[in-house]
Amino acid sequence: MADKTKTVVVLPGDDAAPEAMGATMDALRALKLPIDYVEFPPGEKWVRGETDAAARKAIDGSDTTLFGSTSGKTTAITYLRWGKQTFANVRPVRYSKGFNSPLAKPDGIDFVIVRENLEDLYLGLEGPLEALAPLKLMSKILRAPLDTSERGIYAIKVITERATRRVAEFACQLTMKRKRAGGKGKLTCTSKYNMLRESDGLFRKVVEETAAKYPEIKYEQFIVDDFARRLVQSPHDLDVVVAPNLYGDILSDAAAGIIGGLGLAPSGCYGADYAYFESVHGTAPDIMGMGIINPSATMLSAALMLDYLGFAAEASRLDAAVRKAYADGRALTPDQGGTAKTSEFTRAVIANL
Ligand code: ATP
């Protein structure tokens, strides 16, 4: 048990995300832990910039942040990622009985995607193609100069050795931790290293070098399209997967799909001295206000958060309470084939605590 009161910033996010956050806060409060929750208003009240500034200050004074998905109205997410250098986005994918999986045999699926969180194509480096003309770029594939005379847009992908090494090291440490707990001790690296030989090739090379320092780890690597097939056909073979930002983003939605959907996929973003926690899903604007969002992903993210804060037993209790609600199957939300409202599912989870 953590030895002093912790401070958690709660940012409920936009659209339907605050409904999942409200349910999660009910479950967290039921655990009666020594945690001060610093709660901010939902997204639409953020339009005035000073709330964002207040959130940054609160984040700086906190132990961690629980974050509801945003549609981009806040800059807090930029601060939580780049400001706090939370470089490893950890996305566990674990099937439990009662999850609405489309697979015939989902039992035993239990792996984690570690997605590099701070670079790749997500730096927003886009612009008009013609701006590249002075660079006189040569296509390595075509062995010809880039034609910048067309109207079009470029996007820049950045992979650095330093960022890759730290996420690779994180993934190796996680593989070892899971191995000590009975896991497979296997690390899988994926990127498009056959085509993007320099950028994704660097990612692959650095991960391979890092894994080589851990003789107990079984290391394998697959080109990302081949990996996508394996993810669907043989997910039981996976343990820890490490990928650059864009592929990690896409693959983790697909991974959520194989166990039963986005409503079930939690995540934590870890840096050297800060971490924050959020569901994998977006703001689900299409179901906003209907009271049917599945709060499991946010609740399971909160369980990861409790573990990070040093409340390991309570983290397990919350995780188990969510999973038991599925095993019981009496109060499931529509995305899971049920008819329950978010509030009914939440009551079932709290009863299981
Ligand atoms: P982003 O780009 O921010 O990841 P998105 O617009 O691609 O978000 P989501 O908001 O994740 O997508 O929603 C995709 C679909 O999944 C929507 O139909 C949404 O209602 C559904 N969905 C997402 N999360 C949940 C949830 N927790 N419970 C129920 N349905 C959900």
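Which polar backbone atom lies 2.9 Å from a nitrogen atom of the ligand? I looked this up first in the predicted model, and I found that the backbone atom belongs to Asn 294. I then noted that the protein covers 59% of the 620 Å² of accessible area that the ligand has on its own.

**Entry on the ligand**

I next listed the residues that surround the ligand. They are Leu 262, Gly 263, His 281, Gly 282, Thr 283, Ala 284, Asp 286, Ile 287, Ile 293, Asn 294 and Asp 335.

For His 281, an N or O atom of the side chain is 3.2 Å from a nitrogen atom of the ligand. For Asp 286, the distance from an N or O atom of the side chain to an oxygen atom of the ligand is 2.7 Å.

**Entry on the domains**

I turned to the division of the protein. Domain 1 comprises 1-96 + 263-353, domain 2 comprises 101-111 + 159-259, and domain 3 comprises 121-156. I recorded 30 Å between the centres of domain 2 and domain 3, taken over C-alpha atoms. Their contact takes 5 residues from domain 2 and 4 residues from domain 3.

**Entry on the interface**

I asked how much area domain 2 and domain 3 bury between them. The size of an interface is often given as the accessible area lost when the parts come together. Here the value is about 420 Å², with 60% of it on carbon and sulfur atoms.

I then looked for charged pairs and found a count of 1 salt bridge between domain 2 and domain 3. Glu 198 forms a salt bridge with Lys 140, and their closest N and O atoms are 3.0 Å apart. On the side of domain 2 that touches domain 3, I recorded 2 nonpolar, 1 polar and 2 charged residues.

Note on methods. Residues are numbered from 1 along each chain as its sequence is written. This is a predicted model: local features need pLDDT of at least 70, side-chain atom pairs count only at pLDDT 80 or more; totals for chains, interfaces and linings use all residues. Side-chain values use heavy atoms; hydrogens and water are left out. A residue is near a molecule or strand if one of its heavy atoms lies within 4 Å of it. A polar contact is a pair of N or O atoms within 3.5 Å; within protein, one must be able to donate a hydrogen and the other to accept it, and residues adjacent in sequence count only if both atoms are side-chain atoms. Accessible areas come from the Shrake-Rupley method with a 1.4 Å probe; for residues, only the protein chains shown count as cover. Domain bounds come from an automatic or database domain assignment. Contact means heavy atoms within 4.5 Å. Buried area is the accessible area (1.4 Å probe) that two parts lose on being put together, summed over both. A salt bridge is a side-chain nitrogen of Lys or Arg within 4 Å of a carboxyl oxygen of Asp or Glu. Ala, Val, Leu, Ile, Met, Phe, Trp, Tyr, Cys and Pro count as nonpolar, Asp, Glu, Lys and Arg as charged, and the others, Gly among them, as polar.
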